[in-house]
Amino acid sequence: MNIINNITDWLDEQTLVTKVLLLIAIMVFLSGLYWYFIWSPNNKELVSLNKKLNQRKARLAELKNIAAELPKFEKEFERLNKEFKVASLKLPKQQEIPALIDSVYSEVSASGLDPIIFSKKGEVKKELYAEIPIQMKVVGNFYEIATFYDRVARLPRIVNIRNINLKKHRSSNQRNIILEADFNAVTFRLLPQPKENKNLKQKKGKGKKNKA
């Protein structure tokens, strides 16, 4: 009590200006304590929460855009899937490869060309299919070579001609231009589907039946 009385007596002795300045100093001190212990920590947490909220809003907007475009993507997927199934019908099965290679070789003589090289190379496996290249070198005139390419394009299975290199054959002359064509004839086969994909398709099929 003596301390309080002494402080009260001391304040009574001070001028009005001193008392006002002292009051201001106390208010500044209390404000500093409030800022340091209460406002500042809460403000940092508020800023952090506000940042997370903005991130989640942006993510939500992104998901809404994806959901809005989903029907469009599903239709496009169905279209591409149908096109893939149609194209896959033109790809030879494993057991059809030898017969197809024989067909390509038959088209050489049917076009009037002389075969120099006809060599099947190893398969080149891709994600869904395997390429089966055949290295070929034939000799004939331009019309015969063009006829061969046309006949190959008409085969019931897909065969692409790649890396064509044409040059004059040594038997060529001014009246009769003979060409030597070096190229690859490439056919394809579908690779077996992984078991996981098959099981997924089966589950989807069962789900549709159950809904029906």
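## Around strand β5

In this predicted model, β3 and β5 run antiparallel and are joined by 12 bridges. One of the pairings sets tyrosine 129 against leucine 190 in β5. Strand β4, residues 159–168, also runs antiparallel to β5, with eight bridges between them. Here lysine 167 stands opposite glutamate 180 in β5. The two pairings can be set side by side:

| Strand joined to β5 | Bridges | Direction | A residue and its partner in β5 |
|---|---|---|---|
| β3 | 12 bridges | antiparallel | Tyrosine 129 and leucine 190 |

Now for the nonpolar core. The largest one holds 19 residues, and Met136, Val138, Phe148 and Val159 have the most contacts inside it. At least two of its residues come from each of α3 (97–110), β3 (129–140), α4 (142–153) and β5 (179–190). The largest share, five residues, is supplied by α3. In soluble globular proteins, nonpolar side chains tend to be buried together.

Methionine 136 is worth a look on your screen. Beyond its neighbours within four places in sequence, methionine 136 is in contact with Val104, Val108, Ile117, Phe118, Phe148, Ala181, Asp182, Phe183 and Ala185.

Finally, follow the chain into the loop between β4 and β5, where you will find histidine 169. Is histidine 169 buried or exposed? Its relative accessible area is 14%, which is under the 20% cut-off, so histidine 169 counts as buried. Apart from neighbours within four places in sequence, the contacts of histidine 169 are Val139, Ile178, Leu179 and Glu180.

Conventions:
Residues numbered from 1 in each chain as written. Predicted model: local features only at pLDDT ≥ 70, side-chain atom pairs only at ≥ 80, totals over all residues. Heavy atoms only, no water. Core = buried A, V, L, I, M, F, W, Y, C linked by side-chain atoms within 4.5 Å. Buried < 20%, exposed > 50% of the residue type's maximum accessible area, 1.4 Å probe, protein only. Helix = DSSP H or I, 4+ residues; strand = E, 2+ residues; numbered from the N terminus. Contact = heavy atoms within 4.5 Å. Pairing = 2+ DSSP bridges.
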